[in-house]
Amino acid sequence: MDVETLRASVQKTGRLVIVDEAPATCSAAAEIAALIVEDPDTFRALKAPVRRVCAMPVPVPYSPPLEQAALPSRDDIKGGRPRRPEGVRMTHVRFGPFAPLLVLVSALLLVAEAGAFQLFRTDEATIADIQAALKARTLTCRALVQMYLDRIEAYDKKGPALTRS
Amino acid sequence: MPIIVKDNYDTRGHADLGRVALSEGIDSPRDAFQVRKLREAGAIMLVKTNMAEFAFDPFETVGSLLPATRGTPTRSNASPAGSSGGTAAAVAANFGAVGLGTDTGNSIRGPASHTSLVGIRSTMGLTSRDGIVPLFLDKDIGGPMARTVTDAVAIFDVIAGYDPADPVTAASQGKRPDTYMRSLVKDGLQGVRLESSVNSSRRRPPIPR
């Protein structure tokens, strides 16, 4: 994660609103908020509390209208307010005796997610994307060729099978 | 940069020239000029692709070496057109970074339009025909097929140039810019009027099953 840019931005504006389509608890938004307030200089630069505008604390629904209701909307972002079910008062989540385990699992998920940010995807990758990833050493030529060969193996004659008699 | 190459380009280490049963098992002894230029620029020739036999069909990509390219990545029962349909379908399906096709009578343009790609059929003489299986020498043009205009131009920059093996390229000497990248101007088409005639070509025949 590009923490330097985040901290520089907060030091400039004194404010931070984090918008994420995931629920706020143990989320990437939580991690970003922590990274900002942990740094003494950035913490002192804050003129207002950090706001997280995230999805409702529910599994994201499959039905499109319900999904829309659960995800942060344009107005939520404007108002800098978190998404809450209407008429429902948020209570503190009680993890019970499994709390340490849950914290550990969340931490592992975060690490996995942070890794995913670095992962190169061949989908719609341009020459410039590939060159940037090679230069940043997040991708090797060997890995790139293997990713394309795996894709050909998966879709040329199998699955949607572009090549067939 | 992993490149997808149409089968009618001479490419060392790859067989099946021209997707014709006649040439089955023949290995290319050398690289076509365009392939050589790309290799010199650091590209990897990843795979060779299906094409219409002898590059002779603008509608479909079917050769005497089966199987055929029968679908596009977005429509499994639609023809990718021809004859560079193999490269078109492969680039659109992200099988490689960019591709090479050839165009004698719509064979880059048709497949590119069927698969939402950018293809460049250049003016005769900007690129060498060396090492490309000939169809009609006065109309054969090899060129890039890519997912973005910038990618297509990046490849075109590498493959365009004078090749002593193809005398037609001599005419372009001194007339080519060092790079075509400068032509990539955002909003560069503002004010330009484009026209197209939707009914000028005959209907595409149905795809045989």
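What covers the buried residues of H4(B)? In this predicted model, local features need a pLDDT of at least 70 and side-chain atom pairs count only at pLDDT 80 or more, while totals for chains, interfaces and linings use all residues. Residues are numbered from 1 along each chain as its sequence is written, and chains are lettered from A, and ligands numbered from 1, in the order in which they are written.

The cover of H4(B) includes helix H7 (127-135) of chain A, together with helix H1 (33-40) and strands E4 (98-103), E5 (118-119) and E6 (141-146) of chain B; helices (H or I, at least four residues) and strands (E, at least two) are DSSP runs, numbered from the N terminus. Helix H4 itself spans residues 149-159 of chain B, and its buried residues include Val153(B), Ile155(B) and Phe156(B), where buried means that 20 or more other C-beta atoms, placed from the backbone, lie within 10 Å of the residue's own, exposed means 12 or fewer, and partly exposed lies in between.

The largest nonpolar core has 47 residues, with Val91(B) and Met145(B) among those with the most contacts inside it, and its largest share, six residues, comes from H4(B). Such a core is a set of buried Ala, Val, Leu, Ile, Met, Phe, Trp, Tyr and Cys residues joined through C-beta atoms within 7 Å. Apart from it lies another core, of 11 residues, including Val53(A) and Cys54(A).

In strand E1 (residues 17-23) of chain A sits Asp20(A), which is partly exposed because 17 other C-beta atoms lie within 10 Å. Asp20(A) and Val53(A) are 33 residues apart in sequence, yet 6.4 Å apart in space, C-alpha to C-alpha.

How values were computed. Two residues are in contact if their C-beta atoms, placed from the backbone, lie within 7 Å.
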